[in-house]
Amino acid sequence: MYLTKEQERIFNGEEGETKELAMKLLVAIGDVYEAPRMIDVRSAQISGVSYKTIGDPGLEFLREFSSGKARAIVKAMVNPAGMDLVRWVELGIPEEFARKQLEIMQCFSKMGIEPTCTCIPYSGEAAPLREEHLAWAESSAVVFANSVLGAYTNREGGPTALASSVLGLTPLYGMHIDENRTPTHLVKMKCQLKSDLDYSLLGYWIGRNLGSCIPRIQGLPALCPHDRLKSLGASMAASGSVAMFSTEENGESKNAETVTVDRKELLEVGRLLSSERDFEHVALGCPHLSLEELKAVADLVSGRRLAKDLWCFTSRHLRDVAKTRGYVDAIESSGGKVICDTCIVVSPMTEKGMEGLVTNSCKAAHYLRSLNRVETRLMSFEGCVQHALV
Amino acid sequence: MHLSELRMNGRNVVGGHGSGEAIVSRQPMSFFGGVDPKTGVVIERGHDLEGRSVRGKVLVFPGGKGSTVGSYVIYGLRKYGAAPVAIVNVETEPIIIGGCVLARIPLVDKLDKSPIDVIETGDWAEVDGDLGRVLVERRRSRG
């Protein structure tokens with residue numbers, strides 16, 4: 001691929017070993033995908049942050065990568081870590097795990113990468129604008145940015161997003177090019193989507209059955225709430241290699257294959273992820289809860305006493321806003337917990353012999369079953385909160 | 001025993017040279033959860049290389065799959081002295097590319113002959129990641 005003189009200097013190691021490694025990585029990827037050149041990105045969002053997922057190899061790499069002089073030159077953020085960075089003792093996180101997790105965070109902060117620790121970096125301080133190019137790694141945020149916000153990003157990995165953060169660049173290929181963003185499938189809805197869980201199930205069905213695709217979904221309500229589109233995108237990115245969907249009723253779509261989805265299909269994927277059993281723990285916030293969702297939980301539990309554990313995962317930024325509005329106190333005085341910086345999938349909270357839990361997220365259920373070997377039961381958002389109350 | 005040489009040309013993805021005994025899989029590999037970074041042993045249940053070590057070998061397989069954390073596992077293999085000396089893929093993808101760049105392991109793909117069909121476990125292979133070439137010396141006779 002073509003490199004500017006400045007980029008060539010970095011490639012040849014004239015700006016240090018770390019940047020050379022970052023440039024070599026992006027050039028190798030760019031060459032494989034036949035990118036003609038690099039483009040500037042507005043922000044980078046890095047995955048592979050929890051010690052539970054990256055382990056000692058990831059920590060060793062971050063230690064070495066951050067020991068050089070390279071620093072983030074664009075806004076750089078990270079995915080959820082393995083624990084609430086403040087309340088980890090209370091949540092029973094082992095000390096050894098916490099020590100390594102805090103060292104991972106120090107490596108990022110040394111490079112000027114912000115400890116956002118959220119999978120919804122668009123909610124809060126870093127909402128991208130239309131047509132801005134990004135290098136984001138969290139798959140649900142990639143789908144949301146491309147589909148709802150009109151930004152441009154490929155599904156990056158941890159290492160490539162990290163490379164983009166110190167170079168401010170990404171190779172021009174894939175979702176950065178308009179002609180690659182045309183829907184490949186028309187998905188016609190034959191039933192009404194009632195709850196948030198229906199959106200999550202639809203997304204899961206799409207990813208599982210259509211794989212790597214760009215679906216145009218016809219028959220969704222106009223002005224669909226963003227939280228429902230968040231659930232829809234998150235589950236399709238978990239079950240398939242999806243980076244974007246469209247909800248435009250009548251847009252362009254070349255030779256797109258048509259599929260229809262009825263309630264039968266939604267129930268079919270629900271059965272894959274949902275046990276009939278009863279569990280003592282309820283987890284909300286995969287992806288992280290928005291302010292509106294935190295308010296909805298607060299409204300449902302306010303003045304009542306929870307009978308089961310209710311864990312609400314969100315970003316520290318949104319938790320702080322929710323605190324000033326009284327939502328956090330309402331949830332926690334009913335016995336629930338608002339947990340920041342982490343989520344049920346990447347924290348060791350499920351490792352202490354937990355049999356199963358109730359969630360409204362097909363993405364969470366998918367990973368809890370496959371990575372954590374924990375049983376799951378699916379209920380709607382409101383159903384989850386009601387379940388925790390009795 | 002019959003010795004024969006085979007040359008293949010393909011795409012140079014990550015530079016460098018590596019030679020050693022080949023270990024060949026017909027299945028895509030997930031390094032995250034699939035390979036122990038400290039020993040190089042394949043631990044994915046049901047994988048055709050389960051229980052075998054990739055340490056010091058020229059590792060030949062179709063391509064990567066799974067989480068991008070796999071790149072860090074490849075880096076870990078190098079750090080703990082259990083890395084393959086080179087990787088040959090049918091068609092590679094960003095997880096393997098990332099791991100090979102970070103761990104400085106030569107990587108080639110898109111060869112003019114299918115490497116998983118032509119190379120056999122136990123063959124001797126020399127990989128030139130700068131030119132995208134693979135030279136195979138067959139150690140076993142075949143029908």
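**One residue, then a sheet**

Modeller: Let's start with A:A135, which sits in strand β4 (residues 134-136) of chain A. Strands (E, at least two residues) and helices (H or I, at least four) are DSSP runs, numbered from the N terminus. This is a predicted model, where local features need pLDDT of at least 70 and side-chain atom pairs count only at pLDDT 80 or more, while totals for chains, interfaces and linings use all residues. Residues are numbered from 1 along each chain as its sequence is written, and chains are lettered from A and ligands numbered from 1 in the order in which they are written.

Colleague: Is A:A135 buried or exposed?

Modeller: Buried means 20 or more other C-beta atoms within 10 Å of a residue's own, exposed means 12 or fewer, and partly exposed lies in between, with C-beta atoms placed from the backbone. A:A135 is buried because it has 30.

Colleague: Which residues is A:A135 in contact with, leaving aside neighbours within four places in sequence?

Modeller: Contact means C-beta atoms, placed from the backbone, within 7 Å. Its partners include A:V41, A:T153 and A:T170.

Colleague: And in what order do the strands of the chain B sheet come?

Modeller: Strands pair if DSSP finds at least two bridges between them. Here eight strands form an open, mixed sheet: β1-β8-β7-β3-β4-β5-β6-β2. β1 (4-9) and β2 (11-14) of chain B are at the edges with a single partner strand each, so one side of each has no neighbour in the sheet.

Colleague: How do β5 and β6 of chain B run?

Modeller: They run parallel, joined by two bridges; B:I87 has B:L107 in β6(B) as its bridge partner.

Technical notes: Two residues are in contact if their C-beta atoms, placed from the backbone, lie within 7 Å.
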